[in-house]
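Please keep the sequence and the picture side by side while you read the points below. They begin with one loop and then widen to the chain as a whole.

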Amino acid sequence: MKLSLSVAPLLLSTLVASKSFLFGSQQQPLVDDSLSVPGNNPLEFCADPTNYILAIDHVDLDPNPPQKGKALQIKAKGNFTEEVEQGAYINLSVRYGLITLVKTTADLCEQMKEVDESCPLEGVKDFTKDVTLPKEIPPGTYTVLADVYTQEAKQVTCLKATVHFS
């Protein structure tokens, strides 16, 4: 399970590659840019983020797009507008095409230790994380959904992304 949770942020990071716009002048993109997460990334909010507890300033990935077997740097900054305490959780799913690879609930506070943070989470948080993507990532389309809640089931944020590896 821990390996699966470790792969999810990597997949989220690699989703930068999915933002290619092949739309002609007569076509309209199906992506609602108002839901795009600020920064150099493929992330989108699941809904209008106005009422989320975490106001994301930016998420930047380098390189963009990420590459199999290479180092990837993730830089993120956001503001927790309310205190998020122990008991907060992430509903996480990772799909490969139509196949669900991971569907789990994880402890948010445990996951924050990966970026040297601890609960309670409040105020502005700024972090950088370096990871190496496995070179064995099978080609195909990956979709990641991370829906985050407080212990009282108040939504902290909800993010989704899709990437294609060839």
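1. Start at Pro63, which sits in the loop between strand 2 (54-62) and strand 3. The model you are looking at is predicted, and in it the peptide bond that leads from Asp62 to Pro63 is cis, with omega near 10°.

2. A cis peptide bond also joins Cys119 and Pro120, where omega is about 5°. Pro120 belongs to the loop between helix 2 (108-112) and strand 6 (121-132).

3. That loop between helix 2 and strand 6 is also the place of Asp116, a residue that has a positive phi of about 60° although it is not a glycine. Asp116 counts as exposed because its relative accessibility is 72%, and the cut-off for that word is over 50%.

4. You will find Ala153 in the loop between strand 7 (140-149) and strand 8, and with 47% relative accessibility it counts as partly exposed.

5. Now to the whole protein chain, which contains two helices and eight strands. Read from the N terminus on, its elements follow the order α-β-β-β-β-β-α-β-β-β. If you take the contacts between residues at least 6 apart in sequence, 62% of them join residues at least 24 apart.

6. How much of the protein chain counts as buried? The share is 39% of its 166 residues. The chain exposes about 9500 Å², and carbon and sulfur atoms supply 52% of that area.

7. Val163, in strand 8 (residues 155-165), is a buried residue because its relative accessibility is 1%, whereas the limit for buried is under 20%. The C-alpha atom of Val163 is separated by 5.6 Å from that of Thr141, although these two residues are 22 residues apart along the chain.

8. Ser93, which lies in strand 4 (residues 89-96), has a relative accessible area of 18% and is therefore buried as well. When residues up to four places away in sequence are not counted, Ser93 touches Val102, Lys103, Thr143, Val144 and Leu145.

9. Finally, turn to the surface, where Glu83, Glu85, Glu122 and Glu152 gather in a patch of negative charge. One of these residues, Glu83, lies in strand 3 (residues 71-84), and its relative accessibility of 37% is why Glu83 counts as partly exposed.

Definitions and conventions:
Residues are numbered from 1 along each chain as its sequence is written. This is a predicted model: local features need pLDDT of at least 70, side-chain atom pairs count only at pLDDT 80 or more; totals for chains, interfaces and linings use all residues. Side-chain values use heavy atoms; hydrogens and water are left out. Patches are made of residues with over 30% relative accessible area and no salt bridge: like charges are joined within 9 Å, nonpolar side chains (Val, Leu, Ile, Met, Phe, Trp, Tyr) within 5 Å. Accessible areas come from the Shrake-Rupley method with a 1.4 Å probe; for residues, only the protein chains shown count as cover. A salt bridge is a side-chain nitrogen of Lys or Arg within 4 Å of a carboxyl oxygen of Asp or Glu. Lys and Arg count as positive and Asp and Glu as negative; His and the chain ends are not counted. The place of a charge is taken as NZ of Lys, CZ of Arg, CG of Asp or CD of Glu. Helices (H or I, at least four residues) and strands (E, at least two) are DSSP runs, numbered from the N terminus. Buried means under 20% relative accessible area, exposed over 50%, partly exposed in between (1.4 Å probe, protein chains only). Contact means heavy atoms within 4.5 Å.
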